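Please report on the charged side-chain pairs in this protein and on one of its helices.

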Amino acid sequence: MTNRTETNRTETNKQNNILLGVFIILNVVFAFIYTPWIDEAQSYMIGKYLTLDNMWYRVGVEGHTPWYWLMVKPIAVMGMPLVVVNLISIIFATFVAYLILFKSKFSLAIKLGLVFSPLLTATISITARPYSIMLALIVYITYLYKDRHKYTLNYVIALAILVQTHVFNIGFVLILCLLFMIECINKRSRNMLYLSIPLISAILLALQLAPGLGENTMVDSIMTENINTAVESQITLLIVFHFILLYIVIFILLGKGMNKNTVKAFLILWFTGMWQIFICFISDWVTNRLILFVWNFVVFAWIYRNEVNRKNKYIRLNRVFAVILVIVTVVSTIKVIESLPNNSGARDICNYILKNKEIDKDIILTNLESSVSVYPELERHGYHLWNPLTGEEDHISHWDYPKFTVSYDEVVQYAKKVYNNKESVYLLVTYTTYNEYKDKPGIEILTDEFITKDKTYIIRNEAYGIFKLNLGEV
């Protein structure tokens with residue numbers, strides 16, 4: 001019997017190692033196909049140009065803490081391609097895949113669905129943002145949850161680091177700390193003293209948020225101009241969220257798995273979700289945040305799965321969920337793969353600029369928000385992107401600026417002042433500035449196909465074109 005068990009374990013480990021290898025290869029391939037977009041280029045440029053004190057200020061604007069940007073800094077300072085930053089995400093995503101494959105009690109079908117679906121592969125795993133780090137910590141904390149009083153130091157350190165990845169995680173950390181504190185009080189355990197570690201981390205986060213939060217014009221605009229849309233979106237999400245929670249409660253009762261541990265798991269799920277809905281409300285929608293929102297249910301299922309007996313009715317219901325997850329995985333994966341090269345128009349316009357040597361290496365910006373997608377690649381080839389409002393070279397997206405777009409008149413005034421010895425200058429035009437410039441005097445449209453073609457598969461604000469401004473005609 002022992003030999004058979006050992007043989008089964010060896011076969012399972014061999015199978016999991018093969019799956020993990022496939023996961024790594026698949027995501028490396030996807031990373032080179034994928035077109036990074038605004039947020040990812042922003043992380044690269046912040047890492048390249050900002051010092052730690054400048055990064056500290058940006059926390060209130062960006063929502064991310066400086067530690068990820070510091071990880072990116074060596075890559076960006078050396079001028080390596082943005083795709084190298086994607087590899088950081090793959091490393092952490094691989095750790096998530098490892099925990100699911102080797103450490104979870106899910107069925108093989110569910111493991112495959114979690115690891116190879118867009119919940120992890122080709123979204124979280126290749127995005128040059130700290131989402132994969134966040135998820136790695138969340139899953140690691142979930143893995144430790146059952147033995148949290150045994151491995152307390154590991155548990156609280158992981159919680160403290162998670163606080164330092166994004167404000168999106170505060171709700172999850174807070175409810176886990178509160179429950180742990182109550183458990184320690186009931187047990188009269190000195191382990192409660194360890195909670196000082198995530199508390200210090202939370203205080204540090206508050207100090208980082210304070211300088212930039214008060215001047216975050218992006219949050220102000222969402223909370224004022226888009227308030228009705230935001231409220232409608234949140235109400236929809238709240239209704240769907242609570243409908244799913246009701247279904248889960250019925251599911252637990254049917255499986256006769258309700259006990260104090262599953263009540264705690266449900267409380268973690270509810271509190272975490274409500275906090276994340278609030279963060280989505282004040283910072284607008286981001287796809288990866290919503291993907292991370294789905295992982296709340298995986299966390300709940302993991303904790304719950306550890307509490308139920310294998311003969312429980314949950315196991316039979318588990319098969320139904322496995323089939324559903326596999327179907328959803330196949331459909332969504334096809335859609336994600338189709339969209340990988342088309343997340344942004346940055347690659348198209350950069351290739352156009354690099355191939356057309358007549359385009360001057362000094363390019364004037366017309367949009368100070370969404371142009372950042374082209375900065376990493378063009379800067380690597382010696383191009384300079386100029387901000388007409390400040391007269392300075394631009395390096396990061398100014399989401400805290402009161403004004404995102406530059407008018408035609410402002411560009412003409414700047415160009416005549418700075419380039420009075422040139423016959424023409426080149427402008428980077430975006431979707432939001434295209435109509436402002438296309439019919440103005442002196443404007444020659446070199447390319448508009450990236451802006452005017454069907455945008456159903458591309459981020460609208462990241463459609464770019466190059467216009468030539470003939471200064472002698474204005």
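Is glutamate 377 buried, partly exposed or exposed? Glutamate 377 is partly exposed, with a relative accessible area of 28%; buried means under 20% relative accessible area, exposed over 50%, and partly exposed in between, with a 1.4 Å probe and protein chains only.

This is a predicted model, in which local features need pLDDT of at least 70 and side-chain atom pairs count only at pLDDT 80 or more, while totals for chains, interfaces and linings use all residues. Residues are numbered from 1 along each chain as its sequence is written, and side-chain values use heavy atoms, with hydrogens and water left out.

A salt bridge is a side-chain nitrogen of Lys or Arg within 4 Å of a carboxyl oxygen of Asp or Glu. The count by this rule is 6 salt bridges, including those tabulated here.

| Pair | N to O distance |
|---|---|
| arginine 129 and aspartate 39 | 3.8 Å |
| lysine 422 and aspartate 360 | 3.2 Å |
| arginine 380 and glutamate 377 | 3.1 Å |

Arginine 129 is buried at 4% relative accessible area, and aspartate 39 is buried at 16%. Lysine 422 is partly exposed at 27%, as is aspartate 360 at 26%. Arginine 380 is partly exposed at 34%; arginine 380 and glutamate 377 are 3 residues apart in helix α17 (residues 375-380), so about one helical turn separates them. A network of salt bridges links Arg148, Glu183 and Lys264.

Helices are DSSP runs (H or I, at least four residues), numbered from the N terminus. Helix α7 (residues 131-145) has 15 residues, of which 13 are buried.

Terms used. Helices (H or I, at least four residues) and strands (E, at least two) are DSSP runs, numbered from the N terminus. The expected span of a helix is 1.5 Å times one less than its number of residues.
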